[in-house]
Amino acid sequence: MIKTESIHRTVLLNEAIKGLNLRNGATVVDATFGGGGHSAEICKKYPGTKIIVFDQDRSALERGKEKFKDRDISFYNLNFRDLDKVLEKENGGKVDGIIFDLGLSSDQLEDCGRGFSFMKDEPLLMTMKENPTKEDVTAEDVVNTWGEESLADIIYGYGEEKQARRIAKEIVEFRKKQEIKTTFDLVKIIEKAIPARFARASARRARFRKGRIHFATKTFQAIRIAVNDELGALSEGLEKGFNFLKKDGRISVITFHSLEDRIVKKFYKNKEESGEGKRVNKKIIVPSESEVKNNPRARSAKLRVLEKIK
Ligand SMILES: C[S@@+](CC[C@H](N)C(=O)[O-])C[C@H]1O[C@@H](n2cnc3c(N)ncnc32)[C@H](O)[C@@H]1O
């Protein structure tokens, strides 16, 4: 059942759109439609704009189709790493701007029942796709079938979790007795693996939203990144997106953790060094204090903008 209203609050709304330097009549790709906040603002500011939208989560698009039914928007329920397949057909291929607002929407985190949040007991899927097929890897597959070393590597590599080895060991111990089926199974395992004092304090802080993150945050992030191959998709999406930009066209990317940001930073640097691109902002753009106060999820957001110069 598709809900019609999104609960997602758009991050760096004005900054990301200003970065694109659009004019009326432009063609823009919203690679991560989510609750449609960036697309809605583009429609409002530049009513003659054509928008090509991607999201691998079908429910996000279903909501959007209803909300934007009078607008010039094409919706594609695809991973943005496949945007070349669409852009070759749409608009003769070239676009004026692309926006990537990475990660999850609040609709996914709080309401989709796919196991993204460690605060709710849900099946361990963590797929951005709404209905994963048998071929799609889920979080349940990862924690029940991957070897201890691979688990430790992703928890450390994608979650930057210092307790990765202990957590991986505990996952393997647990599954000898029973399958790991739900988010709360995984939270219990992580809690058992890490020093007790640390777990109690971090859970308390997270509950009261005081600084520091919950002890399960990094492991959940790591498994989600692995399940959705988020870093591979980002590298591919950036490269392909850049190829479809017109000269003077721009890309705005909002990232939420250092692994994503590093990929974007390196990509921009390479394009500068090859003489194809120019960073529009030398310093990263971050949300204002008041935005973070009103929307704590914005606190780790970073925006970088690149212009194609030939
Ligand atoms: C942070 S939300 C975007 C919010 C949106 N900008 C707004 O203002 O409402 C990210 C969205 O991008 C989607 N997404 C993330 N990675 C994707 C990918 N590789 N391909 C397609 N969609 C992706 C997610 O499913 C989610 O709906």
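Good morning. By class, the shell around the ligand consists of eight nonpolar, 13 polar and three charged residues. Here Ala, Val, Leu, Ile, Met, Phe, Trp, Tyr, Cys and Pro count as nonpolar, Asp, Glu, Lys and Arg as charged, and the others, Gly among them, as polar.

The model is predicted, so local features need pLDDT of at least 70 and side-chain atom pairs count only at pLDDT 80 or more, while totals for chains, interfaces and linings use all residues. Residues are numbered from 1 along each chain as its sequence is written, and side-chain values use heavy atoms, with hydrogens and water left out.

Let me stay with the ligand. Which residues come nearest to the ligand? Of the 24 residues around the ligand, these are Thr 10, Asp 55, Phe 80, Asp 101 and Gln 108; a residue is near if one of its heavy atoms lies within 4 Å of the molecule.

I turn to the polar contacts, that is, pairs of N or O atoms within 3.5 Å; within protein, one atom must be able to donate a hydrogen and the other to accept it, and residues adjacent in sequence count only if both atoms are side-chain atoms. A polar backbone atom of Phe 80 lies 2.8 Å from a nitrogen atom of the ligand. The side chain of His 38 places an N or O atom 2.9 Å from a nitrogen atom of the ligand. Gly 37 takes part through a polar backbone atom, 3.1 Å from an oxygen atom of the ligand. On its own the ligand has 600 Å² of accessible area, and the protein covers 97% of that, by the Shrake-Rupley method with a 1.4 Å probe.

With a relative accessibility of 7%, Gln 108 counts as buried. For the terms, buried means under 20% relative accessible area, exposed over 50%, and partly exposed in between, with a 1.4 Å probe and protein chains only. The side chain of Gln 108 also reaches the backbone nitrogen of Ser 105, at 2.9 Å.

My next topic is charge. Side chains of opposite charge can pair when their charged atoms come close. How many salt bridges does a search of the whole structure find? There are 31, each a side-chain nitrogen of Lys or Arg within 4 Å of a carboxyl oxygen of Asp or Glu.

One of them joins the side chains of Arg 81 and Glu 236, at 3.0 Å from N to O. This pair links distant parts of the chain, 155 residues apart: Arg 81 is in the loop between strand S3 (73-76) and helix H4 (83-87), and Glu 236 is in helix H12, residues 230-243. Arg 81 is buried at 18% relative accessibility, whereas Glu 236 is partly exposed at 29%. Glu 236 also meets the side chain of Lys 240 in a salt bridge, at 3.1 Å from N to O. Both of these residues lie in helix H12, four residues apart, about one turn of the helix.

A further salt bridge connects Arg 304 and Asp 261, whose closest N and O atoms are 2.8 Å apart. Because Arg 304 lies in strand S7 (residues 302-308) and Asp 261 in helix H13 (residues 258-273), the pair ties together parts that are 43 residues apart in sequence. Arg 304 is buried, with a relative accessible area of 11%, and Asp 261 is buried too, at 8%. Elsewhere, salt bridges that share partners join Arg 81, Asp 84, Asp 229, Glu 236 and Lys 240 into one network.

Asp 229 brings me to the backbone. Most residues other than glycine have a negative phi, and most peptide bonds are trans. Asp 229, although not a glycine, has a positive phi of about 45°. Its place is the loop between helix H11 (217-228) and H12, and at 34% relative accessibility Asp 229 is partly exposed.

Leu 12 has a positive phi as well, near 50°. Leu 12 is found in the segment before helix H1 (13-20). Is Leu 12 buried or exposed? Leu 12 is buried, at 0% relative accessibility.

Finally, the cysteines. A search of the whole structure finds zero disulfides, a disulfide being a pair of cysteine sulfur atoms within 2.5 Å. Cys 43 is buried, with a relative accessible area of 8%, while Cys 112 is partly exposed, at 24%.

Thank you for your attention.

Notes: Helices (H or I, at least four residues) and strands (E, at least two) are DSSP runs, numbered from the N terminus.
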